[in-house]
Amino acid sequence: MPDVTVSSWSSVRAQPWPYLLLGEARLFFRFSWRDLSAAVIPALLFMIAAVRASEPTEPLLAMLAALARGLPYFSLYVYSFCLSNQIAGVEEDRVNKPDRPIPAGLVSIEGAKLRWRVVMVLFPAVAFGLGGFELLAWAVAWQIISVLHNFLGWSQHWFTKNPILMGLGVVAMLAPAWRMITDFSPLVWRWILLIALAVGVSISVQDLRDIEGDRLRGRKTLPLSIGETPARLLLSVLCLLLPVATGLLLRGDAGTAPVALLFDLIVTGLCVAIAVRLLVLRTPSADHKTYMLWTYWYCAELLSASFVMPLIR
């Protein structure tokens with residue numbers, strides 16, 4: 001499809017709308033695919049947990065309705081971040097991720113900026129339509145986090161980037177996911193805040209794959225601040241502690257229920273695999289696969305909510 005820059009509207013308007021929409025969908029995927037398992041999928045899993053907690057009379061229809069609401073919201077959630085992140089990080093992506101749309105020449109920087117402006121208006125509008133001012137507030141909160149991360153330098157240091165912004169970003173994702181379906185409870189907030197904390201302290205796993213690009217941008221990620229080997233050791237220890245903490249604090253109240261023990265086993269296996277890979281496999285390609293395994297741990301924790309929460313309530 002032709003690039004949609006400010007100067008190309010006449011050529012774009014001449015294209016058939018189905019062709020344009022298909023091209024935009026493909027471009028959305030190219031911008032966002034690396035983050036779908038860390039954003040859209042976990043949010044939808046938590047929405048399903050909220051549906052189960054609300055005890056609908058028609059569970060299947062309720063889940064389909066939840067997905068119909070969640071998909072547009074969280075697609076815009078992830079797209080708004082990915083666009084701004086890749087607009088701000090073109091030179092870094094030329095080193096770390098040359099297949100991304102801007103360095104690959106699929107879209108110009110001006111075309112990406114135009115899309116970002118449209119999404120920044122569309123996202124809060126969709127949020128308001130789905131959940132009024134409460135959901136609008138969560139959408140705006142995520143937009144503020146994204147701007148701080150991508151344009152105002154908060155991603156330059158590992159502490160402001162990961163424990164603070166990414167931790168808050170998890171809250172800004174899981175809270176609206178739940179609230180679109182049903183009311184909060186103390187148990188729900190316990191899950192949201194503990195998952196946000198667990199993500200915030202362990203998400204530096206992603207920075208091991210991007211060391212050269214981060215060095216180019218002068219970032220102080222955890223590997224560049226304390227050294228790659230100490231960072232790998234520290235993250236390995238944290239990953240081994242994660243299943244202990246989440247097993248006790250999230251699923252512990254379910255006692256010895258088989259499903260709770262099953263999820264404890266699953267997340268423990270994932271975390272052990274992540275810890276071993278961090279220490280043994282040290283190439284950017286291997287580190288990307290390790291990070292993807294970390295996102296599967298994240299999804300497994302949120303999937304467990306659908307099965308364990310009803311045992312605790």
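**Exercise 1. Find which helix gives the most to the lining of the largest cavity.**

*Solution.* Start with the helices, which are DSSP runs of H or I with at least four residues, numbered from the N terminus. Those that each supply at least two lining residues are α4 (59-88), α5 (90-96), α6 (109-150), α7 (158-179) and α13 (284-312). Of the helices, α4 gives the most, with six residues.

A word on what you are looking at: this is a predicted model, where local features need pLDDT of at least 70, side-chain atom pairs count only at pLDDT 80 or more, and totals for chains, interfaces and linings use all residues. Residues are numbered from 1 along each chain as its sequence is written, and side-chain values use heavy atoms, with hydrogens and water left out.

**Exercise 2. Describe the largest cavity by volume, central residues and classes.**

*Solution.* First, the term: on a 1 Å grid over the protein atoms alone, a cavity is a set of points where a 1.4 Å probe fits but cannot get out, and lining residues have an atom within 4 Å of a point. Next, the volume, meaning the space filled by probe spheres set on the points, with points joined across faces, edges and corners: it is about 510 Å³. Then look at the lining of 33 residues, where D35, F81, M166, Q206 and Y291 lie nearest the centre. Finally, sort the lining: 15 residues are nonpolar, six polar and 12 charged. Here Ala, Val, Leu, Ile, Met, Phe, Trp, Tyr, Cys and Pro count as nonpolar, Asp, Glu, Lys and Arg as charged, and the others, Gly among them, as polar.

**Exercise 3. Work out what lines the second largest pocket.**

*Solution.* A pocket is an open set of points with protein on both sides within 12 Å along at least five of seven lines. The second largest pocket holds about 240 Å³ of space. Its lining has 17 residues, and N96, L208, R209, D210 and P284 are the closest to its centre.
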